[in-house]
Structure formats: C-alpha cells, structure tokens
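Morning, everyone. I have a few minutes, so let me put the structure up and walk through it.

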Amino acid sequence: MARGGRQGQGEPVDWVTRAADDAVRHAGEGNLVTVASGASPSGPIHLGNLREFITPHFVAEELRRRGVPVRHLHSWDDFDRFRKVPAGVPAEWADHIGRPLTAVPDPWECHVSWAEHFKAPLQESLRELGVEMEEISQTEMYTSGAYRDQVLLAVSRRDEIEAVLAKHRTKKVTAGEDASAQEAADLADSVANEDDEEGDPTAASSADAIARFPYRPYCRECGRDTVTTTAYDDATTTLGYTCSSCGFEGTTDLSTDTDGKLVWKVDWPMRWAYESVNFEPAGRDHMTPGSSYTVGTEIVSSIFDWRAPARVIYAFVGFAGVQKMSSSAGGVPTATDALRILESPMLRWLYVRRAPTQAFDIDFGPSVVRLYDEWDALGRKAADPAKSDVATLAWHRSSETASAGRLPTPAVPVPFRALSSVADVTAGSAELISRIIESSGFPHDSVADLEPRLSKAMQWTAEHVPAAERTTVRETPDAERLSSLSEDEELWLRIFLDRLPDDGDLDAVTSVVYGVPKVARGLGFDDAPTDQVKADQKDFFRLLYNLLVDADRGPRLPTLVLALGPDRVRRLLTPPAGGS
Ligand SMILES: [Zn+2]
Ligand SMILES: [Zn+2]
C-alpha cells in the first residue's frame, strides 16, 4: 500500500474517504496535508456553522488513520468588523460598529472581548467532541505583521485584482437568489464577507481604484473601518484615508503599520497560499457565481501562486422544535445545547453519516429517543467486523479519534427511553433513577456507570419534553374519587395495598400490579389471565393512574410505583383521615 493511500481494498468508501483522497492529491503524495476551517466569532456559533469545523476534522482523522502527516488549521476571523448590535445587548454598543471583534468589549463582562465571548463556548464543545485544531487569530496575524509581504503584494497588483473582482461583480448572482431566506440570513450573520462591495458605489471610475483598494485600514483615531481611502503612493507604500465617523484624515504606511486587513475576497485566497491549504470546506453561500470562492480561485493562482484547495460544499442544518427550546443562541441551537442531550459521539454521527452536501434537521423533540435507539443498534452492528459497511464506518468515525481514542460513552448503555421515563417520574434524583434502573433489569455498580447518558436523559426530560407530556404526581389523595369507588375498585386497592412489598424490586412490583385483578377473581399471582382478568387489569391500571398522576395513562406502572416509593403510593391510595 502506498503511503497516503487507502487501507484495505474491501473497506467501505464514504465522503470522508473521497475528501481525504482529494486532499492528498492536492498536497502531493508524501507531503504534509493542511486542512482548514474558518469562522467569525461575531455571535453564537450554531449547529449549522459546526459543519465548518467538523468537516475538515473528519478528513484530518481519516488521514491520521492512514498515517499521513496532517494538520487542521482553524482561522478565527476575529479581525472582522463588528456589524450590528444584536437584541439583548445595550444600545451603546452601536458605538463599536466598524471596530474589530477583538476590540469590542464583552457586554456580559466574562471575557476579554466580544470575539472571545463567542469563541469560548464553541472551543469547549469542540474539546468534548474530540475536535483538535491549531487555532489562528486573524487579529494576531494581521497586527503582528505576519501577512505584510502578502499585503504589499496584493496592493502592488491591485489593478489585476480589481479586474478579476470587476469581472465577477458584473455577472454576480447574489447568494440570496440561490438560497432560502434563512440561508441568506445565515449568510449575513455568520459569513465574513465584508468586501469590495462596501466601497463607495458612487465613486467615479478614476477614483474607483482607490475606493476599491484591496486593503482597508481601521481608523487610527477611532478604531473603526469607516474609512475612505484617498491616495496611495507605491514608492513610499503610504495610504491616505479619511474617516467618516470621527473626521480623522491621515496616512498609514503598509510597510511598517499593521492596522488593517485585506478585503475578504483577497484575504481568503491569500491565506490559502500563506498556510498552504490543501482542503477547506465552504458553505453553499460561498459557492455561487461571483462568490468569494470563485473569485478567490482566480486570485490565488494569478497573484499568490497557489491552487485553490480541494473542497466540499456543505449544505445548511435546520432545527426542528427550536421554538420549544430555550437556547443559548436565542433560538438557534449551538453545540453546547446539543451536547446537553446527546452523547458527543452521537453529535459527531449526525454530521458524518451524511454527505456534507445533504441538508438535514436536528430535532431535540421526541425523536431523540429513537435516535438513541438507532445509535445503540448501530453500535451492536459495528461490534461485528463481518457486518462492516458505510454505516458502521460512520459509527467508528463518530466514536473514536486518533488522540482521544474512544470518546465517552456509558459503561452500561441503558436505553435512553428507560432513563428518560424514569427521570420523568423521579423529579431528577440521579441516585433514585439509578436504583430504579437497577431493579428494572440493568445491573450496574454506580451512577457513574450510567454517565454521561443519565445526565443527558435528565436534561432532555427537563428541557425538551413538553409539560403536557410530563408526569405530574398528585400532591394529595383524590378524596372525591376515593369516596366513590366501585366494589371491584375497592377490592383491588385493598389487595394491592396488602400485597405491595416495602422494598421490592421491579419484578416483585410487576407481579403485584398484574396479579391484583387475578386474585380478585380467585386466581393466583402466577396464573394465566382470563379475558375477564385482562379487562379488569385495564380498569385497575386506569384507576391507579387516576389516583397517582391524575391521568388515564402514564409511564409503566411498576416503574412509577417504584419511583414513588411504597409510602407515597399508600398515602395516595388511601382516603384522607376524616374525609367525607
Ligand atoms: Zn463573556
Ligand atoms: Zn475614525
């Protein structure tokens, strides 16, 4: 097998395999492969943006598996301008519009800047997801002068760059025409696309070359990018500008000063070349005619002597049931939100099991239960090498990374369905859930054996199961119902209270719950039910639900009885003393 080639001829092939092949081809066999991602920390980074990070991560992991040297570089576009004041932020933050995200203070006062406030939660989630990347701050890169040669190169060849930009400007199809309203909104919010279009559109053709200058300084006086470039001297590399915010008129020397950045459509291809990027994903919005990718592809080869990286285009991720949840992103869920209810390998799995070009919805509603069942079934299949296919390959990619090994999963994988229904009736005590789960046929040594799934089941039940579907245990006995019992009902309750064990396990309680109507008809606990007994069981169960949880149905009765404990059950099934 050639170094860098695929392992095992019979192995299934998925989008990750193909993207890794493309990346190796771009880098050349035997060379270090650089996969890249980039994001602007302008606001909460939601689950759609997560594709930007996790797509190159899977490609890097595939290359590590093959023994190919690889690095995942992530660029934080934190030198981008602050664009608008979102809801919930003090209005005076409008003063910061036009300043770099790293120069805007954190309104919540927990981080050093606006940018850091939105990076931090994602960085934490990525660690939990096993995504390791080398992070680069564009503020640090630009202000340290790392890109000085590239800036001077772009500026010296600004006419060629402008010719490319102008060509695409005239036939530009906006992303909005090709995308849904939601996508267009995403585009506006999350994509670092401040660009030449923000130059003065009324500038006459002779002034155009300066108005559309490929480099934009932040005003030395007020720190905003609300500047109009007025003159450039190639000999002295001095750029003149005026600021419309504060009225400052001055110059910046591109050979010594580091107070600005290349416009986005030049900045992106510059970085492909500077970092030798071989693979980088891009959202659909970047891929339309006239988009930054199209323009960048021309500029990177004509100006920066590099080839546009191999790529995949990723589609958007939608959210079902979002309106029901309170999200840290104000309605659009983030990885932090998802990891409150999904084990980290499962969240990885949602992204790796589909090609990036496929859009999909993430649903935090009732389908989470089925998702866990599906995941557990796939895990059992993946344990058998004879059943290896694309689905089990996705399971392996989700479950382990080169450096972390297996990501955290419970030692005892109790079905999520069981954990959440017990969580529902126990009002959130992990110890109690553990005891009931133990007596329900899932032996384990401690609460820790059920984690991290137990916590996620508790959180999901508390945060995503609508109140109407939750079980509400009665506070007091239903005196009215208890005073109007039929003869059969009175008999059932007497037998039930008589036989209910004080410290029974699930089997013992199940036997009593089902056995009561049999005993009432003169049968034994272990006798097969007659048709009459079956009808009685239905009525008896409804009576218990009425008296315990004020509903006609609910969680499995033996589980419910165990969760409430014998004392509380006896109290709710006994008429209050002195009652009518
Ligand atoms: Zn903060
Ligand atoms: Zn200014």
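Predicted model: local features only at pLDDT ≥ 70, side-chain atom pairs only at ≥ 80, totals over all residues.

Start with the zinc ion (ligand 1). Which residues hold it? Asp106 (OD), Cys110 (SG), His111 (ND1) and His117 (ND1) coordinate the zinc ion (ligand 1), at 1.9 to 2.2 Å. The angles between the four donor atoms run from 104 to 114°, so the arrangement is tetrahedral. For reference, the ideal angle for four tetrahedral donors is 109.5 degrees. Along the chain, the donors of this zinc ion follow D-x3-C-H-x5-H.

Now the zinc ion (ligand 2). Its protein donors are the SG atoms of Cys219, Cys222, Cys243 and Cys246. They lie 2.2 to 2.4 Å from the metal. This site is tetrahedral too, with angles of 103 to 118° among the four donor atoms. The sequence spacing of the donor residues is C-x2-C-x20-C-x2-C. Why does the pair Cys219 and Cys246 deserve a look? Cys219 sits in the loop between β4 (215–217) and β5 (227–233), and Cys246 in the loop between β6 (238–243) and β7 (249–253), so the pair ties together parts that are 27 residues apart in sequence.

Next, the second largest pocket. Its space is about 680 Å³. There are 28 lining residues, and those nearest the centre are Ser421, Asp424, Glu469, Thr471 and Pro555. Two elements give two or more residues to that lining: α16 (416–426) and α18 (453–464). Which of them gives the largest share? That is α16, with six residues. By class, the lining splits into 13 nonpolar, nine polar and six charged residues.

On to the backbone. The peptide bond from Glu451 to Pro452 is cis, with omega near 5°. Pro452 is in the loop between α17 (430–439) and α18. Ser276 is in the loop between α10 (264–274) and β9 (282–283).

Last item, from the record. An unreviewed UniProt entry places a short sequence motif, the 'HIGH' region, at residues 41–49. In the model, that span is 0% helix and 0% strand. Its end C-alpha atoms lie 11 Å apart.

That's my tour. Over to you.

Notes
Residues numbered from 1 in each chain as written. Chains lettered and ligands numbered in written order. Heavy atoms only, no water. 1 Å grid on protein atoms, 1.4 Å probe; cavity = no way out; pocket = protein on both sides within 12 Å on 5 of 7 lines; lining within 4 Å. Points joined across faces, edges and corners; volume = space filled by probe spheres on them. Helix = DSSP H or I, 4+ residues; strand = E, 2+ residues; numbered from the N terminus. Nonpolar A, V, L, I, M, F, W, Y, C, P; charged D, E, K, R; others polar. UniProt positions renumbered as here; feature names shortened; annotations may be inferred. Donors = N, O, S within 2.8 Å, 3.2 Å for Na, K, Ca; no water. Tetrahedral: all angles 85-135°; square planar, octahedral: opposite > 155°, others 65-115°.
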